[in-house]
Amino acid sequence: MPILGLGLHVIVAILFAVHVWRTGQERWWLLVLFMFPLLGSFVYGLTVWLPEMSRSRGGRKVVRGLRDTLNPGRELREAQDAFEHSATMANRVRVADALQASGRNGDAIAAYREALRGVHADDADIQVRLARALLENDEAPAARELLESLIARRPDFKSAEGHLIYARAVAASGDRARAREEFETLIGYFAGIEPRARYVEILDGWGEHAAAARLVEESLSHIKHMPAGARRLNEEWIRRLKHASVRAVAPP
C-alpha cells in the first residue's frame, strides 16, 4: 500500500540509503538503491545489513525475529535436530539457548540443568546461562543464589555478562544497596551501554527519577564520544536511554 505517495519498496530503499550514509558504506550503493529500489534493497539487505546486524547482540535479536516471522521456531527445530543427530554438550546448550530465545524459560532452565551433569557439573558458562534463564523466568533470588555460589567456588572466573545478570538479579531481589554497588562497578568497566540503560530503568522503577535523569544525561554525553561502530553495536540500549530521557522531561 502506498505511504504518502511512495511504494513500500521505495521507503525501504530510503531507509537503507540512510544506513549507507551513517555507516560509511560504499556510495555506489546509493545508485543501486535508487535505480533499482526493490532488487537493490533486497541485495543490500542480504549482503550488508543482515550480516552487520548479526554481529551485535541487539542485531542478532532482530535477525532472529525476522527469521522467526518467516519461519517460526526455525532455530529451535534446527537445534533439536542437531542434538538428535549428535548429542554433544554444545548441541544440548544450543537447544537450551533456543528455548530461552523463544520465551520458553522454564524449559530452558530444565535443559541447562540437564547440561550441568557429569564432567560439566561445574561449567561456569552454562551456570551463567542458567542464571539468565532463571532471571527471565522471574526467579531472581534463585539466579542470585546460583551466581553467588559460582563466585564462591570460582573467584577467578570473570564474565561481564554474568556480572550484569547478577546485578539485575540483586536489584530484582530488592537489595537496593548491593544493586547500586554492582551497577556502579559495571558502568565503570563494561564496554557496552546495556548496564547504563538497565540501571536507569531500575532507578525509575524505584521512583528515583532524578538519579535516573542524571545517569541518562551522563550516558548520552558518554555516547557522543563513542566510535560509530560502537554506537551501532549498542543501538538498542542507546534507543532505550533516549526513551528514558523523553520520559524524564515529560510532564507528570
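Here are a few notes on side-chain contacts in this predicted model.

1. Aromatic pairs first: the count is 2. Trp28 and Trp29 form a stacked pair, since their ring centres sit 4.7 Å apart with the planes at 25°, and planes under 30 degrees apart count as stacked. Trp28 is partly exposed at 48% relative accessible area, whereas Trp29 is buried at 9%.

2. Then there's Phe183 with Tyr199, also stacked, with centres 4.9 Å apart and planes at 0°. This pair links distant parts of the chain: Phe183 belongs to helix α11 (residues 176–189) and Tyr199 to helix α12 (residues 194–205), 16 residues apart. Both Phe183 and Tyr199 are buried.

3. On to charges, where the salt bridges number 21. One of them joins Glu75 to Arg94, with the closest N and O atoms 2.9 Å apart. Glu75 is in helix α5 (residues 74–85) and Arg94 in helix α6 (residues 89–101), 19 residues apart. Glu75 is partly exposed at 31%, and Arg94 is partly exposed at 29%.

4. Glu161 and Arg132 meet in a salt bridge at 3.3 Å, N to O. Glu161 lies in helix α10 and Arg132 in helix α8, so this contact ties together parts 29 residues apart in sequence. Arg132 is buried at 18%, while Glu161 is partly exposed at 33%. Have a look at the surroundings too: Asp97, Asp125, Arg129, Arg132 and Glu161 are linked in a salt-bridge network.

5. Last one: Arg240 and Glu201 form a salt bridge at 2.8 Å, N to O. Arg240 sits in helix α15 (residues 235–249) and Glu201 in helix α12, 39 residues apart. Arg240 is partly exposed at 27%, and Glu201 is partly exposed at 29%.

Conventions
Residues are numbered from 1 along each chain as its sequence is written. This is a predicted model: local features need pLDDT of at least 70, side-chain atom pairs count only at pLDDT 80 or more; totals for chains, interfaces and linings use all residues. Side-chain values use heavy atoms; hydrogens and water are left out. Rings of Phe, Tyr and Trp (its six-membered ring) pair if their centres lie within 6.5 Å; planes under 30 degrees apart count as stacked, over 60 as edge-to-face and the rest as tilted. Buried means under 20% relative accessible area, exposed over 50%, partly exposed in between (1.4 Å probe, protein chains only). Helices (H or I, at least four residues) and strands (E, at least two) are DSSP runs, numbered from the N terminus. A salt bridge is a side-chain nitrogen of Lys or Arg within 4 Å of a carboxyl oxygen of Asp or Glu.
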